[in-house]
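This report describes how one protein chain is arranged. Please look at the sequence and the structure before reading on.

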Amino acid sequence: MGNKTIRERIDAYVKERYGIDPEILPFSHEDYEIYRHEDTGKWFAVFIVKERGAFGLDGEGTAEILCVKPKDRFFADFLTQQSGYLRGYPSSKWNWVSMLLDGTVPYEDICRWLDESYQTTKSKSKNLKTPLLKREVSDI
């Protein structure tokens with residue numbers, strides 16, 4: 001993959017698999033990018049870069065995370081006990097999981113969680129429109 005960052009590799013993966021580019025949110029002091037479903041507008045992943053302390057991490061400088069929504073919220077609790085995983089940001093009440101993009105979580109696992117998040121957040125209905133049946137107009 002050359003010298004691409006994990007974030008660049010993820011951007012390329014989502015573009016190839018789902019045809020979606022990241023969307024930059026208009027927060028002047030934050031570095032956020034989201035992936036959203038084109039049909040519903042729902043987010044299925046969020047990139048966030050903040051000071052390490054904002055995520056409860058030790059050390060100086062910034063950390064980059066990717067937040068996704070697993071299908072099983074109880075499994076999300078299990079994941080957050082593993083190295084490289086954090087409770088969803090910005091709210092621990094969300095059923096989201098954050099992954100550090102520092103190499104702790106393998107790229108293949110990140111892609112797997114992206115795919116699950118995409119499936120978990122997609123529209124439950126196909127939004128298929130039922131065609132109207134033409135009624136015969138009878139002469140009265």
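## Overall arrangement

The structure is a predicted model. The protein chain contains 3 helices and 6 strands. Followed along the sequence, these elements give the pattern α-β-β-β-β-α-β-β-α.

The protein chain has 140 residues, and 39% of them are buried. Among the contacts in the protein chain with a separation of 6 or more, 46% are between residues 24 or more positions apart.

## The pair of helices H1 and H3

Two packed helices are described by the angle between their axes and the distance between the axes. Helix H1 covers residues 6–18 and helix H3 covers residues 107–121; their axes come within 11 Å and cross at roughly 40°.

Which residues of the two helices meet? From H1 the contact involves Ile-6, Arg-9, Ile-10, Tyr-13, Val-14, Arg-17 and Tyr-18, and from H3 it involves Tyr-107, Ile-110, Cys-111, Leu-114, Asp-115 and Tyr-118. Sorted by class, the contact of H1 with H3 has 10 nonpolar residues, 3 charged residues and no polar ones.

## Ser-117 in helix H3

Helix H3 also holds Ser-117. Is Ser-117 buried or exposed? A residue counts as buried when its relative accessible area is under 20%. The value for Ser-117 is 0%, so Ser-117 is buried.

The contacts of Ser-117 reach into other parts of the sequence. Apart from its neighbours within four places in sequence, Ser-117 is in contact with Phe-44, Val-68 and Lys-69.

## Salt bridges

How many salt bridges are counted in this model? The count comes to 6. One of the pairs is Lys-15 with Asp-21, whose side chains meet with an N to O distance of 3.3 Å. Lys-15 has a relative accessible area of 40% and is therefore partly exposed, and Asp-21 is also partly exposed, at 49% relative accessibility.

A further salt bridge joins Glu-23 and Arg-36, whose closest N and O atoms are 2.8 Å apart. This pair links distant parts of the chain, since Glu-23 lies in strand S1 (residues 23–24) and Arg-36 in strand S2 (residues 31–36), 13 residues apart. Glu-23 is partly exposed, with a relative accessible area of 33%, and Arg-36 counts as partly exposed at 26% relative accessibility. Arg-87 and Asp-77 also meet through their side chains in a salt bridge, at 2.1 Å from N to O. Arg-87 belongs to strand S5 (residues 85–87) and Asp-77 to helix H2 (residues 73–79), so this pair ties together parts that are 10 residues apart in sequence. Arg-87 is partly exposed at 25% relative accessibility, and Asp-77 is partly exposed with a relative accessible area of 35%.

Technical notes
Residues are numbered from 1 along each chain as its sequence is written. This is a predicted model: local features need pLDDT of at least 70, side-chain atom pairs count only at pLDDT 80 or more; totals for chains, interfaces and linings use all residues. Side-chain values use heavy atoms; hydrogens and water are left out. Axes are lines fitted to C-alpha atoms, for helices over the stretch in contact, and angles run from 0 to 180 degrees between N-to-C directions. Helices (H or I, at least four residues) and strands (E, at least two) are DSSP runs, numbered from the N terminus. Contact means heavy atoms within 4.5 Å. Ala, Val, Leu, Ile, Met, Phe, Trp, Tyr, Cys and Pro count as nonpolar, Asp, Glu, Lys and Arg as charged, and the others, Gly among them, as polar. Buried means under 20% relative accessible area, exposed over 50%, partly exposed in between (1.4 Å probe, protein chains only). A salt bridge is a side-chain nitrogen of Lys or Arg within 4 Å of a carboxyl oxygen of Asp or Glu.
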